[in-house]
Amino acid sequence: MSEKGRSSPLGQMSYLGQSVPRLGAKAAVAGRGRYTDDIQLPRMLHAAFVRSPYAHARIVDIDLAAARRHEGIHLVLSGRELAQRVTGPWVGTLSCFAGMKSAPQYPMAVERACWAGEPVAIVVGRTRAAAEDAAELIRIDWQELPAIAEKRAALAPHAPVIHAELGDNLAFRKAIDTGDVESAFAGADLVVEETFEFARHTGVSLEPRSLLATYDKATGKLTIITSSQCPHMIQRVFAETLGIPDHNVQIIAPDVGGSFGLKIHTYGDEVATVAAAIELGRPVKFIADRLESFVSDIHARENSVTARIAVKRSGEILGFDVDVLSGAGAYSQYPRTSVFEANQILNVTGGPYRHRHYRGRASVVYLNKAPSSQYRAVGHPIGNAVGEHLVDQAAYRLGIDPIEMRRRNVFADDAYPSLSASGIKLKDLSHQRCLDLLVRRMRYDELRREQDEMRLAGIQRGIGIALFIKGTSPGPLGYYGSGGAPISLQDACVIKLEPNGGVICAVGVTEQGQGTNTIMGQIAAGALGVPIEAVRVISGDTDAVPYGGGTFGSRAAAIGGEAVLQAARALKEEILAIASELLQADPARLEIVDGSVVDAAGTRRLPLAEIGRICHFQLGELPAGRQPVLSHTRRFRLVEDLYIFANGVHGAYVEIDTDTGFVRLLQHWVVEDCGRLINPQLADEQVRGGCVQGIGGALYEHLIYDAAGQLSNGTLADYLVPMAAEMPEIDVAHVETPSSLSELGAKGVGESGTGAAPAAVMNAVNDALRPFAARVTSQPITPETVLVALGKI
Amino acid sequence: MGGEESMPIRLTVNGEAVTHVVPVRQHLVDFLRGTLGFTGTHVGCEHGVCGACSLRVDGVLVRGCLMLAVQADGAEVVTIEGLDASGEIADLQQAFVERNALQCGFCTPGMLMAAAELLRAGEQKTRAAIREHLAGNFCRCTGYHAIVDAVSATLERRAHAGGKRV
């Protein structure tokens with residue numbers, strides 16, 4: 001389905017562009033996946049937590065005696081007692097966000113709980129049931145305090161301040177001002193302004209957060225098996241917080257049952273569990289149940305946006321003006337902060353277009369709710385929904401077709417490198433080709449005719465288009481690297497030739513089912529010239545892999561993959577040098593094909609198994625000057641760029657029932673450009689899954705809090721997630737513009753679906769509602785939202 | 001706060017006779033996973049919504065989190081491990097792998113259990129009907145499209161193999 005053939009410098013990499021099946025899939029379909037909760041260790045205990053029932057309340061007294069006396073209980077700790085066992089509180093700020101502030105946070109509430117669900121006490125027992133029984137015996141005398149649950153109230157003049165030492169509830173404020181926005185808007189032929197609401201939602205990985213810690217008191221070695229995307233980051237966090245040297249902490253991420261960004265953070269209950277394991281010298285397991293997941297996993301997306309667009313009669317976009325009010329939780333999440341969502345909204349709104357006047361302002365405020373932070377496609381679903389809605393409204397008001405409107409304004413495919421009005425470097429994008437391909441795949445004109453015919457029959461259908469840019473694979477000069485967080489923006493590969501000619505490829509990036517290990521194997525096998533079966537990829541174990549940032553920000557393929565490519569080339573170079581000595585041949589005339597060294601005539605001269613055998617066991621056959629290494633490490637980081645940007649376009653086709661307000665998704669299309677396509681099938685499925693996650697936020701998902709800060713729908717029965725019956729078929733196609741920032745040329749693909757699907761769906765709904773002069777600008781777009789827009793309720 | 005009142009149960013799990021004393025409040029899925037080590041059955045919500053713990057009990061698809069272990073006394077229980085060993089859904093498993101109809105794999109055993117029920121009915125289904133049938137199984141990764149492809153392809157292959165018209 002790729003637009004372009006795969007060509008030149010990597011042409012010899014025979015596995016690039018092939019849909020190699022994932023190895024892990026075979027284990028999973030047999031029920032032999034191995035997730036954290038599947039692992040039992042001898043003398044293992046189980047942790048349960050008491051969580052704050054109040055959004056904001058002082059702990060006047062806490063009585064743990066009855067819980068401690070309960071049969072089968074080994075340890076009970078209050079937040080205050082735990083605080084004495086850690087090196088200090090953490091503070092979720094990054095120095096790159098100037099002026100940002102957050103209160104010090106301990107793993108469990110010490111004298112005050114600041115959100116309903118904050119852990120207050122840990123109980124460790126022989127079974128989870130026993131621990132939960134004992135937890136119920138803990139008596140806490142609470143003094144309720146005023147709670148802030150609504151973000152506009154947070155900055156009101158006499159609003160209660162959640163953390164007095166901060167002075168107010170403001171976490172961060174940011175402004176971008178490019179060009180001359182006032183003049184551009186004053187001189188525009190048309191200005192469209194709109195306000196938008198995006199509801200708080202959360203990741204809902206099907207496997208909840210899971211951790212099993214064990215501490216060897218004799219050696220001081222701490223081993224933590226946990227469902228994590230970023231083993232090295234969390235190694236540093238646990239080491240720092242618990243006062244154990246990093247190198248004595250092993251993090252093992254076994255199979256990870258979904259993560260989507262929610263498993264890249266520091267969670268107090270997990271720290272408490274590890275502290276308990278250290279104290280007891282016994283393995284302690286904590287598996288969040290679904291109810292506590294809803295109130296303790298990071299939340300995301302709670303933003304109000306007021307935005308306007310200035311356009312000329314010709315359709316030319318002059319500028320955007322965007323004002324964001326973002327609702328964080330009670331603390332800024334450590335170590336990635338809770339302000340990225342607002343920051344990214346400012347970065348990407350209107351990003352596909354070459355306007356020159358841009359003003360973006362964002363305020364992030366603290367609320368007595370669970371902390372918010374990075375969740376798949378951080379900020380992009382919002383920035384894209386806002387920007388693309390305004391472009392659509394402007395197009396319709398000017399009588400220009402939405403596709404044509406976009407064609408007139410996108411950066412031309414040959415205009416890169418360019419700088420967006422928000423100040424971002426853009427390279428190697430392909431909006432024009434993506435639009436052309438989308439129009440063909442959607443049969444856009446035909447679909448418009450069908451829409452018209454349906455309208456005559458009283459059926460209201462809508463077509464929505466949404467272009468996007470997506471920041472992927474962040475570089476160290478950006479936020480984390482310069483902000484002081486223990487997050488590595490480089491990634492690494494150690495590749496080794498084994499005695500049998502097999503290849504071990506250990507990588508710092510991690511696998512959560514997206515196929516990281518498979519594509520790393522494809523890159524290694526291709527670059528080395530061995531069959532893919534000869535390569536085993538190891539990830540997710542800090543004792544076995546080189547230091548890496550792990551998987552977040554759609555970075556595994558582009559950053560980790562480049563490290564693999566370079567490491568494999570280094571290994572190949574050494575193998576050929578050894579072969580040339582053994583064969584008395586010019587290394588430049590040797591090549592590795594299908595696991596054997598071949599000469600210029602293509603004749604098999606020396607299998608890698610033979611080289612492996614000689615270099616490990618028959619070293620006497622080597623020349624005196626040769627000390628074989630056969631283990632090569634390479635690292636890769638972006639040097640100057642903030643991100644490797646990917647781009648693409650979504651199309652949505654929906655039908656609205658104007659009596660019930662129900663939105664039916666008829667079909668969805670995506671054309672995206674993730675650069676060099678390594679495994680088309682895996683890329684397609686990342687896009688499809690991402691779309692549905694985005695659609696969840698657009699139509700269903702909403703953590704509903706009441707005025708007192710109580711979550712009122714924290715069960716999977718009440719919090720709606722997308723299920724099979726409501727989801728559309730999703731057509732995926734690719735344009736392939738390799739990134740110029742690496743030799744591999746890959747860009748991230750994991751978040752593209754989530755980042756733009758909500759924009760396309762909202763535009764499609766509004767297209768369907770157009771004959772009624774109604775529109776929706778809040779998500780989720782529930783039946784009620786639609787009926788309100790139609791004036792029916 | 002009843003603590004650990006227990007009862008003996010006898011049942012068949014994946015064809016093997018099992019006798020055990022279980023806490024009366026223990027869910028079937030926790031017994032299968034924690035006590036017997038059949039960890040292929042997963043726990044996603046513990047309130048009967050997500051379908052990750054889907055099992056076959058006396059031939060019927062049930063939620064392992066909504067049934068107590070003591071309720072399975074005398075029953076015949078089949079988990080994903082049993083389905084895998086019997087070869088009953090080998091073609092479906094193969095289709096899931098080929099079509100990449102799973103990512104993290106956490107929902108997959110439950111999804112296969114639910115799809116197996118559809119295969120047993122032996123009729124070709126539309127994609128919409130397949131989606132309807134799987135609507136009780138939450139998958140956060142795939143977006144469902146590939147799962148529907150895999151189930152649909154398996155139904156089709158079986159219909160061909162059985163000489164039925166598709």
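Strand 21 and strand 22 of chain A form a hairpin, with five residues between them. In its turn, A:Gly501 has a positive phi of about 90°. The model is predicted.

**Around strand 22**

Strand 21 (residues 491-497) of chain A runs antiparallel to strand 22 of chain A, and five bridges join the two. A:Ile495 stands opposite A:Cys505 in strand 22 of chain A. Strand 22 of chain A also pairs with strand 23 (residues 535-538) of chain A, in the parallel sense and over four bridges. There A:Cys505 stands opposite A:Val537 in strand 23 of chain A. Four of the five residues of strand 22 (residues 503-507) of chain A are buried, so strand 22 is largely enclosed by the rest of the structure.

**Sheets of chain A**

An open sheet of seven strands has the order 3-5-1-13-10-11-12 in chain A. Its pairing is mixed. Strand 3 (73-78) and strand 12 (249-252) of chain A are the edge strands, and each pairs on one side only. From one strand to the next the twist averages 20°.

Helix 4 (residues 128-135) of chain A packs on this sheet. Helix 4 touches strand 1 (45-51), strand 3 and strand 5 (119-125) of chain A. Its direction makes about 30° with that of strand 1 of chain A. Towards the other end of the strand order, strand 11 (residues 221-226) of chain A pairs with strand 12 of chain A in the parallel sense, over four bridges. A:Ile225 stands opposite A:Ile252 in strand 12 of chain A. Helix 7 (residues 231-242) of chain A lies across strand 11 and strand 12 of chain A. Helix 7 runs at about 140° to strand 12 of chain A.

Another open sheet has three strands, in the order 24-25-26 of chain A, with antiparallel pairing. Here the edge strands are strand 24 (591-593) and strand 26 (604-607) of chain A. The twist averages 40° from one strand to the next. Strand 24 of chain A pairs with strand 25 (residues 596-598) of chain A over three bridges. A:Glu591 stands opposite A:Val598 in strand 25 of chain A. Helix 17 (residues 556-583) of chain A lies across strand 24, strand 25 and strand 26 of chain A. Helix 17 runs at about 115° to strand 26 of chain A.

**Helix 12 of chain A**

Which residues of helix 12 (residues 402-409) of chain A are buried? They are A:Pro402, A:Ile403, A:Met405, A:Arg406 and A:Asn409. These residues lie on the same side of helix 12 of chain A, because they cover an arc of only 160° around the axis. They pack against strand 16 (317-327), helix 11 (380-398), helix 13 (431-442), helix 14 (444-456) and strand 20 (460-472) of chain A.

Chain A is divided into domain 1 (8-33 + 490-636), domain 2 (36-145 + 208-256 + 263-296) and domain 3 (299-476 + 640-789). The centres of domain 2 and domain 3 of chain A, taken over C-alpha atoms, are separated by 36 Å. Helix 9 (residues 290-296) of chain A gives the most to the side of domain 2 of chain A that touches domain 3 of chain A, with five residues.

Chain B has domain 1 (6-83) and domain 2 (88-161) in its domain assignment. Their centres, taken over C-alpha atoms, are separated by 22 Å. On the side of domain 1 of chain B that touches domain 2 of chain B, strand 3 (54-57) and helix 2 (80-86) of chain B give two or more residues. The largest share, three residues, comes from strand 3 of chain B.

The table sets out the contacts and the residue classes.

| Side, and what it touches | Residues in contact | Classes of the side |
|---|---|---|
| Domain 2 of chain A, touching domain 3 of chain A | 24 residues with 24 residues | 14 nonpolar, nine polar, one charged |
| Domain 1 of chain B, touching domain 2 of chain B | 14 residues with 14 residues | seven nonpolar, six polar, one charged |

How values were computed
Residues numbered from 1 in each chain as written. Chains lettered and ligands numbered in written order. Predicted model: local features only at pLDDT ≥ 70, side-chain atom pairs only at ≥ 80, totals over all residues. Buried ≥ 20, exposed ≤ 12 C-beta atoms within 10 Å, placed from the backbone. Arc of directions from axis to C-beta. Contact = placed C-beta atoms within 7 Å. Domains from an automatic or database assignment. Nonpolar A, V, L, I, M, F, W, Y, C, P; charged D, E, K, R; others polar. Pairing = 2+ DSSP bridges. Axes fitted to C-alpha atoms, helices over the stretch in contact; angles between N-to-C directions.
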